[in-house]
Amino acid sequence: MPTSNPRRLRRACLAALAAAVLALVVACTGDERAPDPTETPTVAATTEATPTPTPTSTSPPTVPRFSGTDGRALYGQACAVCHGQALEGTNAGPTFLNRIYAPGHHADISFIFAVERGVRAHHWDFGNMAPVEGLEHEQVLAIIAFIREQQRAAGIE
Ligand code: HEC
């Protein structure tokens with residue numbers, strides 16, 4: 001009897017095992033690359049590596065940032081085109097040298113809101129003011145300080 005030979009039995013067992021493994025591999029390799037565990041980390045590594053250049057491509061700001069905290073300079077760059085270099089107003093925006101913009105009527109918070117959210121025209125016929133982008137909060141505060149200073153100098157308090 002062949003089964004009586006332990007060596008043969010072992011070989012048969014090994015053969016069966018090999019066949020089973022082969023069958024398993026074949027079954028799993030239906031989708032070519034999936035079962036190879038050594039490949040998975042490589043795929044993961046490459047997919048992880050791909051996003052790296054993305055921040056570089058999105059980093060250039062779409063909105064130019066203002067620099068510095070000089071209220072006068074920032075006002076000149078961000079507001080004067082409509083509100084006038086000396087707060088006198090232009091045909092695109094109202095003067096701030098009007099009592100309605102004195103701190104008692106338009107508190108600092110309304111200036112912050114104007115810059116951050118824009119203004120729906122309600123006092124004049126200039127139209128709406130779009131939000132002014134690219135200003136840090138600190139820079140807005142510096143602009144407000146400059147406006148208040150100019151208002152005080154004009155007797156608007
Ligand atoms: C493109 C033109 C334009 C620019 C630039 C602009 N504004 Fe205005 N702003 C307007 C107009 C128009 C109004 C609306 C006036 C109205 O009818 O009430 C306005 C209104 C305001 C008001 C009044 C808000 C209220 O509640 O009534 C404030 C405060 C103000 N602007 C601040 C600023 C500051 C500060 C800047 C610069 C950081 C600035 N604006 C830049 C056009 C502009």
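Here is a stop-by-stop tour.

**Before you start.** This is a predicted model, in which local features need pLDDT of at least 70 and side-chain atom pairs count only at pLDDT 80 or more, while totals for chains, interfaces and linings use all residues. Residues are numbered from 1 along each chain as its sequence is written.

**Stop 1: the whole protein.** Switch to cartoon and you'll see seven helices and zero strands. Helices here are DSSP runs (H or I, at least four residues), strands are E runs of at least two, and both are numbered from the N terminus. Of the 157 residues, 13% count as buried, meaning that 20 or more other C-beta atoms lie within 10 Å of a residue's own, with C-beta atoms placed from the backbone.

**Stop 2: the ligand.** Select the ligand and what is around it: 23 residues, with Cys79, Cys82, Gly93, Phe126 and Met129 the closest. Colour by type and you get 16 nonpolar, seven polar and no charged residues.

**Stop 3: Leu87.** Next, go to the loop between H5 and H6, where Leu87 sits. Most residues other than glycine have a negative phi. Leu87, though not a glycine, has a positive phi of about 65°. Leu87 counts as buried because it has 22 C-beta neighbours inside 10 Å.

**Stop 4: H4 against H7.** Show helix H4 (residues 71-78) and helix H7 (residues 137-153): their axes, lines fitted to C-alpha atoms over the stretch in contact, come within 8 Å and cross at roughly 100°. So H4 is roughly perpendicular to H7 (65 to 115 degrees on a scale from 0 to 180 between N-to-C directions).

**Stop 5: the core.** Finish at the largest nonpolar core, which has 17 residues, with Tyr75, Phe96 and Val140 among those with the most contacts inside it. Such a core is a set of buried Ala, Val, Leu, Ile, Met, Phe, Trp, Tyr and Cys residues joined through C-beta atoms within 7 Å. H7 supplies the largest share, five residues.

Key
A residue is near a molecule or strand if its C-beta atom, placed from the backbone, lies within 6 Å of it. Ala, Val, Leu, Ile, Met, Phe, Trp, Tyr, Cys and Pro count as nonpolar, Asp, Glu, Lys and Arg as charged, and the others, Gly among them, as polar. A residue is buried if 20 or more other C-beta atoms lie within 10 Å of its own, exposed if 12 or fewer, and partly exposed in between; C-beta atoms are placed from the backbone. Angles under 35 degrees count as roughly parallel, over 145 as roughly antiparallel, 65 to 115 as roughly perpendicular and the rest as oblique.
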